[in-house]
Amino acid sequence: MVDASLCDTDLVDADRRVSVVLSSRCIWSKQTEMNLFDEFQWRGMLYEATTELREVLAKEKLTTYIGFDPSAPSLHVGSLLPIMGLARAQRFGHTPIAIAGGGTGLIGDPSGKTKERLLLTREQVEENVAGIKEQLSRFLDFNAKDNPARIVNNADWLAPITMMEFLRDVGKHFTVNNLIGKEAISRLLDSDEGISFTEFICPLL
């Protein structure tokens, strides 16, 4: 039993203990060693997962990634949850990669939108990517000895692809029926504005 004034959330988390506040006192009960899966589950962050994931996370160090949309120079509060997912993964020894959508950001993304976004210039996208990198550095350790975080820009591999390469190597493996069936696309198809070919093929990227 410890003084309630010591019941700091970060302190409790760093020690991997569960804090219970009872009658203005903080009681710590030692937990068994948790892996990343257990951590997400304990925090209520887990919605669904493949059956083998708990066992894999307990035995192996994995590389995890999440993409961030550079439509603005600053991330919004909705990005905090995935950022903390990467941060937690790194604390458990896994390697986090943040993917800045410098390439996809040039054409837009229909996900969660009721109308198409305005196209940004390359300069605007690059400026936004730089802002995102600076913000992510406050949560991720890019100088860690064993598992440093990385930031990559998907424009690095998307921009060099030619139209012919894209149609042959990517487009051939998708059907229009499949794309129309996606909620993000069907929502725009049913709107008065519709959807351009540009955002229609964004899921392929």
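Colleague: Which helices each supply at least two residues of the lining of the largest pocket?

Modeller: A pocket here is an open set of points on a 1 Å grid over the protein atoms alone, where a 1.4 Å probe fits, with protein on both sides within 12 Å along at least five of seven lines; lining residues have an atom within 4 Å of a point. In this structure, H5, H6 (155-158), H7 (163-169), H8 (176-180) and H10 (197-200) each give at least two lining residues. Helices (H or I, at least four residues) and strands (E, at least two) are DSSP runs, numbered from the N terminus. This is a predicted model, in which local features need pLDDT of at least 70 and side-chain atom pairs count only at pLDDT 80 or more, while totals for chains, interfaces and linings use all residues. Residues are numbered from 1 along each chain as its sequence is written, and side-chain values use heavy atoms, with hydrogens and water left out.

Colleague: How many residues line the largest pocket, and which lie nearest its centre?

Modeller: The lining has 28 residues, and Ile 107, Leu 158, Phe 166, Ile 201 and Leu 205 lie nearest the centre.

Colleague: Now the inside. Which residues make up the largest nonpolar core?

Modeller: In soluble globular proteins, nonpolar side chains tend to be buried together. A nonpolar core is a set of buried (under 20% relative accessible area, 1.4 Å probe, protein chains only) Ala, Val, Leu, Ile, Met, Phe, Trp, Tyr and Cys residues joined through side-chain atoms within 4.5 Å. Here the largest core has 10 residues: Phe 68, Leu 75, Ile 83, Leu 86, Ala 87, Ala 98, Ile 132, Leu 136, Leu 140 and Ala 149. Helices H4 (80-91) and H5 (122-136) each give two or more of them, and the largest share, 3 residues, comes from H4. A second, separate core has 8 residues, among them Leu 179, Ile 185, Leu 188 and Ile 201.

Colleague: What does Leu 140 contact beyond four places in sequence?

Modeller: Contact means heavy atoms within 4.5 Å. For Leu 140, the partners are Ile 83, Leu 86, Ala 87, Gln 90 and Ala 149.

Colleague: And Ala 89, is that residue buried or exposed?

Modeller: Ala 89 sits in helix H4 and is buried, because its relative accessible area is 2%. Beyond four places in sequence, Ala 89 touches Leu 36, Thr 64 and His 94. The C-alpha atoms of Ala 89 and Phe 40 are 9.5 Å apart, although 49 residues separate the two along the chain.

Colleague: Where is Asn 153 found?

Modeller: Look at strand S5 (residues 150-153), which holds Asn 153. This residue counts as buried because its relative accessibility is 17%. Leaving aside neighbours within four places, Asn 153 contacts Ala 100, Gly 101, Gly 102, Gly 103 and Val 129.

How values were computed:
Buried means under 20% relative accessible area, exposed over 50%, partly exposed in between (1.4 Å probe, protein chains only).
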